[in-house]
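Please keep the sequence and the model in view while reading.

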Amino acid sequence: MLEFKSPLRSKGFYVRMRLLHGPRNNRHTEKGFCYRYFKWILWFSISFYFFSSFLITPNKPTNSIPKPTFTHSKASRALIEEPFLNSSSNLHHLKNPHGLLNGIKVYVYDLPSKYNEDWLTNERCNTHLFASEVAIHRALQTSDFRTLNPWEADFFFVPVYVSCNFSKVNGFPAIGHARSLVASAINHVSLQLPFWNRSNGADHVFVASHDFGSCFHTLEDVAIADGVPEFLRNSIVLQTFGVKHKHPCQDVENVVIPPYVSPESVRATLEKSPVMGRRDIFAFFRGKMELHPKNVSGRFYSKRVRTNIWRKYGGDQRFYLQRQRFAGYQSEIVRSTFCLCPLGWAPWSPRLVESVVLGCVPVIIADGIRLPFTYAVPWADISLTVAENDVENLGRILEHVAATNITSIQRNLWDPKVRKALLFNDPILEGDATWQVLEALFHKLDRSHKSRVFVQ
C-alpha cells in the first residue's frame, strides 16, 4: 500500500511503497488485478512528475559565476564582489553584517616605518588633535573591511603621518616636511605595486588632519599660495579643513573628518559626570584668546573673533572664559550648557567634537565652515551658528535659545549615535568616525578602478 509520511525538518512529504505478501493479502484476492494495476499506474504517474520537473528546471552553474553588468548604485554594489565569491576572503565578507558597507574592501599599504611608526616615539603623536591620521590607520589594520589581497581592493590607504613632527620651539606640529614625505611614499608604492599607476592615484586615500589640509601649511595665505601639490590632486584626501566656498586647499577630492578626541578620555569624563547631569556653567570657552591678535607676521589670529569675545564678555558672569591651559578642562565642558567654538587659524576646532560628545551645545563661530559627516550628524539640530561679525550679540542670542528651545536641542545632542559618529575607535565600531569615513568612500566608488572594470 501507499503510506504518506509527515515532513521531516520541512523537507516536504515523501511517498513509500510497500508490497504486500503473505496471508494478509489473501483477503484481497478478488481485487488483486485491479489493485496492482492502480498501484503501478499511480507509481508511474508520480515518477513521471518528478522526472519531468527535473528536465524542465534550468541547470544552475556550480563552479563559476558569469561576469555581471552593473551601474553605480547602492543596489548593485553588493554584486560587484560576485566574481570573487569563491575566495576565502569573500566568505569572510559574506559573514560581515555591515549593511550598505558590506563588501567594500580597503588595502592598507605596509610602508617602511619612517613614514608612520617611527613618529610614534613621541607619545603626543597618537593623542593630539591631529591624530586621526594614526587612529584611522590603526582601525583599518584590524578591520573586517581590510583586504590583504590588493587585487580585490576598492580603495588603497596610504598611511603617512605628517603631523607628528613637533617643533621644539613652540610644541606645535611642524609640517614643513609633509610634501616631501608624501611624495616619497607615493614614489615607494608606485614602484612596489602597480595600483597607483593603474588609476593615477584616483582610488588612493591619504589623511591631512592639520590646519589647511592638503595644502600642508598652518597659515592660510601661504597655504593658498602653495595649493594642493600636483602629485596628490587626483587622489582622495581625508582632511579636517573644509569650507563651503571655493578654496584652493580643497581643490582635490576630499572628505571632511573630525579632529581627534580620545574616546577613552571622553568615557572617563562621562563616568564622573553623566551627559544629562547638572550644568551650572552657562557659556564656556577655554583656550587662546589674544588681547593683541596681530602676532604672526602681521596676521590677525582668529580674525579677531576670540579677542572680541574676551573684550565683550570677559567680565560677564554668564560667561566662563579662561585663557590658560588646563588638562582637565573636559570636566568643565560637561558642566556647561553652551560651548563656544570660534575659529582659530583655520575654521575648525577640536571644541566642535569635545562639546558634542560631552553634551554641551556647540556655538559655531566660523563663517562658511563645512562640518564633518553631515549625513550622520544633524548639525542644524544640535548646534548654534553665529556669524563672526555678530559676536557683539552673542549673549542675547544664547539667552534667547536658553529660554525657547534648549530642551529640544539637548535631546538631539544627547543621542548616543551622534557622539559615536565623531569618535575614532580601535577597533572600528559600527557608526563611529572611521565607519563614517568608509561610508563617505562608499559614495565615491566610481573612483575605484575595480568598480570601473565591472561597469560596462
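This is a predicted model: local features need pLDDT of at least 70, side-chain atom pairs count only at pLDDT 80 or more; totals for chains, interfaces and linings use all residues.

Val106 has Phe155, in strand 4, as its bridge partner.

- Strands of a sheet pair through backbone hydrogen bonds, in either a parallel or an antiparallel manner.
- Strand 3 and strand 4 (residues 155-157) are joined in the parallel sense by three bridges.
- These two strands belong to an open sheet of five strands, whose order is 3-4-5-6-7 with parallel pairing.
- At the edges stand strand 3 (106-108) and strand 7 (253-256), each of which pairs on one side only.
- From one strand to the next, the twist averages 30°.
- Helix 4 (residues 132-141) packs on this sheet and touches strand 3, strand 4, strand 5 and strand 6 (236-239).
- The direction of helix 4 makes about 110° with that of strand 3.

**Helix 5**

- Helix 5 comprises 15 residues, 178-192, and reaches 21 Å from its first C-alpha to its last. This span is close to the 21 Å expected at 1.5 Å a residue.
- Which residues of helix 5 are buried? They are Ala178, Leu181, Val182, Ala185, Ile186, Val189 and Ser190.
- Viewed down the axis of helix 5, the buried residues fall within an arc of 165°, and therefore they line one face of the helix.
- The buried residues of helix 5 pack against helix 6 (195-199) and strand 5 (204-208).
- Ser180 and Leu191 are exposed residues on the face of helix 5 that is turned away from its buried side.

**Aromatic rings**

- The model contains 15 aromatic pairs, counting rings whose centres lie within 6.5 Å.
- A pair of aromatic rings is described by the distance of the centres and the angle of the planes.
- Phe156 and Phe195 form a stacked pair, with 5.0 Å centre to centre and 20° between the planes.
- Phe156 lies in strand 4 and Phe195 in helix 6, so this pair ties together parts that are 39 residues apart in sequence.
- Are Phe156 and Phe195 buried or exposed? Both residues are buried.
- Phe156 and Phe195 also belong to one aromatic cluster together with Tyr107, Tyr109 and Trp151.

Conventions: Residues are numbered from 1 along each chain as its sequence is written. Side-chain values use heavy atoms; hydrogens and water are left out. Helices (H or I, at least four residues) and strands (E, at least two) are DSSP runs, numbered from the N terminus. The expected span of a helix is 1.5 Å times one less than its number of residues. Buried means under 20% relative accessible area, exposed over 50%, partly exposed in between (1.4 Å probe, protein chains only). The arc is that of the directions from the helix axis to the C-beta atoms. Contact means heavy atoms within 4.5 Å. Two strands pair if DSSP finds at least two bridges between them. Axes are lines fitted to C-alpha atoms, for helices over the stretch in contact, and angles run from 0 to 180 degrees between N-to-C directions. Rings of Phe, Tyr and Trp (its six-membered ring) pair if their centres lie within 6.5 Å; planes under 30 degrees apart count as stacked, over 60 as edge-to-face and the rest as tilted.
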